[in-house]
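I am opening these notes to keep track of what I looked up in this structure, entry by entry. The structure itself comes before the entries.

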Amino acid sequence: MATARGAYISRTAANWIGVIPFLAFTAIFLLLPTVNIVLGAFRGPDGGFTLDTLAKLFEPRLANSFWLSIRVSFFSAALGALLGFLVAAAIIHGGLPKWLRAPMVTFSGVAANFAGVPLAFAFIATLGRLGLVTVLLRDWFGINIYASGFNLISFWGLVFVYLYFQMSLMILIITPALEGLRREWDEAAQSLGATSLQYWRMVAIPVLLPSLLGTFALLFANSFGAIATAQALTGSSQSLITVQLFAQIRGDVLQDPNLGYAIAFGMIVITAVANAIYIVLRSRAEKWQK
Amino acid sequence: MTDQAALNTATVTDVPKARRSVGSVFSWAMFIFGVLYFALPLIGMFEFSLRKRRGTYSFDAYTTVLNDPQFQATFSYSVVMSLVTIALGMALVLPAAIWVRIRLPKMRPVIEFITLLPLVIPVIVIAFGYLRMFNTSSFLPMTGSITGTNILLAFGYATLALPYMYRAIDNGLRTLDVQTLTEAAQILGAGWFTIIFKIMLPNVFTALLSGAFLTFSIVLGEYVFAALLDRPAFGPYMIWTGGNRAYEPAALAVIAFTITWGCMGLIMLAGRLFPHTRAKR
């Protein structure tokens, strides 16, 4: 009896030994810190349960930051998804040479990872007040973009910079979906007399819609958590919620440690919703990609 | 041929041609837009990084950066940190990925869900959690000493790298018939150590390499964790330079971009140098 039990225990141990370090590590260094933050959001300064801390998120200063982050993420995700889709569709279905595809996907992989501080520097060097494009437009064409209201260190400037990694991530994710569009569908539509526009509007786009919306949600979450680019580009002039939280952690500028927890909790909720949308829509999109 | 028939032939042959040319002009326009948008910032940053000496192009900014002891210190710190992260990440993920394929298929969705979490929870939130959980008055006061903070930073990086590391290794395992390989090895008398190190590891070598290079390029430029844990890494150094210098930031951006490209290039090179044949079914 004892040996059978011993064998059972050792077999169970062998079954789990490979995943135990992983589970222990992620429990202590991923789950626990996050749960700790979430619980903190529901605690007052005295340690008791309260919803007051969360209610403070709706005070103008924080609500504005959240709203700014949401708008930056929304516009950079929407434009990134649209433009990335158009570029990818042009290369895959627009009659462009086939050999362009592989370099495009490779480059998108690099560009999607080219974020953070260096990305901000690249744009400052290009479209900043002394940047290459700014100077060339002024000297060659007499166009002073800064006089006509353009500013890199502004809301739209930030969206424009974010497009760099948003568009490339879109291209990376949507290319397989575009390649999954069957040639037969286009031919069938054509033989029924559909124009190119009608084919895209009535066949291709509806098939791709779950992928498009899902990737949009992913792009939204992708830019919502970003901070280094904004920090390097705008300092603290655009007070995104990440920038606010960073300042709060560094110097407790909000005079309420629990408020930090509440901000973090609010961010988790927003990115979790965006990612949930992505996962649900992606599983629906996959039924066309076999 | 009746007029009607002529009309029909005309529609059949001409319309697609018109379709194609309108579509193709639009496609080329989109493509050129894409090339301009992606290339100009790279050209701009390179050109800007050469402008340090007045009136002529020079590599002065690079010389300044490369000779800056701060650069050398932070860069080598980040390189060491990413190597530690890669080792740690592999040690955690590889056994887990193999185990859920051969012994614990039930746990697979759980493990996959956990590896997705670092993409869902913003980095700054995880870093914030670390500061609250592992501060000097906690049960595990890791931030109390420099070594402790360094270890904590490596743990943080390993957490960030989880999604990429797991996906890379899982993709590598997918092309193998893990179950058959394991059973064959067991029949021949191999123990688990042999199975992992002599059978799995060589077969997922390419996947491990691509996970490693991706992790390397992520860790090298990481800013939030290093800044909040107050460690002298390359990311915070770049931010500092951005606020205090004119041309050096562009030089740093060129260096960072070259490293990202290098890592991606090495991933593809690894795939080409060590191709492995797919398990036949």
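Entry on the contact of the two chains. I looked up how many residues each chain gives to the contact, bearing in mind that this is a predicted model, and I noted 66 residues from chain B and 59 residues from chain A.

Entry on two helices of chain B. I turned to helix 4 (residues 108-120) and helix 6 (residues 146-174) of chain B, whose axes come within 8 Å and cross at roughly 125°. Angles from 65 to 115 degrees count as roughly perpendicular and those over 145 as roughly antiparallel, so helix 4 and helix 6 of chain B are oblique to each other. Their crossing I recorded as left-handed. For the contact, I listed Thr115(B), Leu116(B), Pro118(B) and Leu119(B) from helix 4 of chain B, and Thr159(B), Leu160(B), Leu162(B), Pro163(B) and Tyr166(B) from helix 6 of chain B. By class, the residues of this contact are seven nonpolar and two polar, with no charged ones.

Entry on the domains of chain A. I noted that chain A is divided into domain 1 (1-41) and domain 2 (57-288), with C-alpha centres 38 Å apart. Their contact takes four residues from domain 1 of chain A and six residues from domain 2 of chain A.

Terms used:
Residues numbered from 1 in each chain as written. Chains lettered and ligands numbered in written order. Predicted model: local features only at pLDDT ≥ 70, side-chain atom pairs only at ≥ 80, totals over all residues. Contact = placed C-beta atoms within 7 Å. Axes fitted to C-alpha atoms, helices over the stretch in contact; angles between N-to-C directions. Helix = DSSP H or I, 4+ residues; strand = E, 2+ residues; numbered from the N terminus. Parallel < 35°, antiparallel > 145°, perpendicular 65-115°, else oblique. Left-handed = near helix turned anticlockwise from the far one by under 90°. Nonpolar A, V, L, I, M, F, W, Y, C, P; charged D, E, K, R; others polar. Domains from an automatic or database assignment.
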